[in-house]
Amino acid sequence: MTGHHDHDHGGQEIPSATALRVKALESLLVEKGLVDPAALDAIIDSYENKVGPRHGARVVARAWTDPAYKARLLADGSNAIAEVGFPGSQRAHVAVVENTPSLHNLVVCTLCSCYPSSVLGLPPVWYKSSAYRSRAVIDPRGVLRDFGLTLDEGVAVRVWDSTAELRYLVLPERPAGTEGMDEDALTALVSRDAMIGTAKVATP
Amino acid sequence: MNGVHDMGGMHGFGPVLPEVDEPVFHAPWEGRVLGLNRLMGAWRRWNIDASRHSIERLPPADYLGFSYYEKWLAAMINRMLALGMITAGELASGHKADGTVVASPPVTADTVMDIINAVGSYQRDVGANPRFAAGDRVRARTINPEGHTRLPRYARGRLGVIERDHGAQVFPDSNSRFAGEAPQTLYTVCFTARELWGEAANPADHVSLDLWEDYLEPA
């Protein structure tokens, strides 16, 4: 296999050895009747086009605008997320943890790559990297600085290592200057990284 | 298993490098590997814990050198070979062995969204009687199992506090060996950063892990 720098971006170049190997494996599994190729296409389409962090952003925006919803979300993330009702919203066991002026939450999976994909889609490469997985628990403030976020020493950091089938979503602080914005406008402000805990939501 | 996958607290991997406007997949084959993994998983010949353990058992240099989806590909091939779902000869030739029956996939385009959106719950209503309650002080056991475990090395032997009881959940150490789900109570356990990393850590900081009852003892 090739190293991770040898990607055939966009499929416009000569296919890599790995790309050829995957193609051969796929054709074998289809020939054996183990895999339906149309189902394979549908899965890829779903991950590329249907799931993603906008679902999590919607949950955050609703919590910012509806105090009763926020209370339900923090008490029972899974059921409150299911209320929002996007496809797959009932899938995962999710706990929502709230950032405040004195507490900053950060989510990691040191053992593999566990991630709240029902609300955020597939994880970015950095989330799955050895650098993030190794350092988030021992040096969370240093990791945040890698993202350009320097926390005041007086702000406590809480790191959530996702060691079981429970997924964590950070409820970021609502930025100043958004008092007049509705749920749709707020949804557009919430970044994926803010819901992992490596960023704050910027004031628009 | 004390493998390189258990990397919480290790040094030397450098800075975290976020990618601007990162695509969902960096090459089309990555999506194919993800999809093949889901569809082969639908045969239910393995489970999530066995799947994770197969990735952990890749040679350490491969684990660290492969990209994420290269690891998935290598481990999936290992699982299919070990279970006889494909043979080494078929893998080498790219074609089904002569005389073998063509199977019918358990998931088709009509039903695939059901597996994508399925509720993958690992909670089991077995009436477990929890040994610990919120606020209890516990110590993570010092164990070094050769098989799969979700108790990272950095927490073993450390003192923490039970924060939340999540009910009985499938126990990965057993399920990964196909030895049964053996559900037991799962807890969120909170450790101070100083307990885990020493006096240099910020006294306000904490790390929490979700740990099964067998990983814990009273303290």
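**View 1. Helix α2 of chain A meets helix α1 of chain B.** Here α2(A), residues 37-50, packs on α1(B), residues 28-41, at about 120°, and their axes are 9 Å apart. That angle makes α2(A) oblique to α1(B), since angles under 35 degrees count as roughly parallel, over 145 as roughly antiparallel, 65 to 115 as roughly perpendicular and the rest as oblique. The crossing of these two helices is right-handed; a crossing gets that label if the near helix is turned clockwise from the far one by less than a right angle, and is left-handed if anticlockwise. On α2(A), the residues in touch are A:Ala39, A:Leu40, A:Ile43, A:Ile44, A:Tyr47 and A:Glu48. On α1(B), they are B:Gly31, B:Arg32, B:Leu34, B:Gly35, B:Leu36, B:Arg38 and B:Leu39. Sorted by class, this contact has eight nonpolar, two polar and three charged residues.

*How to read the views.* This is a predicted model, where local features need pLDDT of at least 70, side-chain atom pairs count only at pLDDT 80 or more, and totals for chains, interfaces and linings use all residues. Residues are numbered from 1 along each chain as its sequence is written, with chains lettered from A and ligands numbered from 1 in the order in which they are written. Helices (H or I, at least four residues) and strands (E, at least two) are DSSP runs, numbered from the N terminus. Axes are lines fitted to C-alpha atoms, for helices over the stretch in contact, and angles run from 0 to 180 degrees between N-to-C directions.

**View 2. The side of chain B that touches chain A.** Chain B puts 74 residues into the contact and chain A puts in 67, with contact meaning C-beta atoms, placed from the backbone, within 7 Å. Several elements of chain B each supply at least two residues, among them α3 (60-65), α6 (112-116) and β2 (159-169). The most comes from α1(B), with eleven residues. By class, this side of chain B divides into 41 nonpolar, 21 polar and twelve charged residues; Ala, Val, Leu, Ile, Met, Phe, Trp, Tyr, Cys and Pro count as nonpolar, Asp, Glu, Lys and Arg as charged, and the others, Gly among them, as polar.

**View 3. α1 and α4 inside chain B.** The axes of α1(B) and α4(B) come within 10 Å and cross at roughly 35°, and this crossing is left-handed. From α1(B), B:Glu30, B:Val33, B:Leu34, B:Leu36, B:Asn37 and B:Met40 meet B:Tyr69, B:Trp72, B:Leu73, B:Met76 and B:Met80 of α4(B). The tally for this contact is nine nonpolar, one polar and one charged.

View 4. Seven strands form an open sheet with mixed pairing, in the order β2(A)-β3(A)-β4(B)-β3(B)-β2(B)-β1(B)-β5(B); strands pair if DSSP finds at least two bridges between them. At the edges sit β2(A) (103-108) and β5(B) (216-218), each pairing on one side only. From one strand to the next, the twist averages 35°. Between the chains, β3(A) (156-161) and β4(B) run parallel, joined by four bridges, and A:Trp160 stands opposite B:Ser208.

**View 5. Strands β1 and β5 of chain B.** These two run antiparallel and share three bridges, with β1(B) covering residues 137-140. Look for B:Arg139, whose bridge partner in β5(B) is B:Glu217.

**View 6. Helix α8 of chain A over the sheet.** Residues 130-138 of chain A make up α8, which lies across β2(A), β3(A) and β4(B). This helix runs at about 145° to β2(A).

Key: Two residues are in contact if their C-beta atoms, placed from the backbone, lie within 7 Å.
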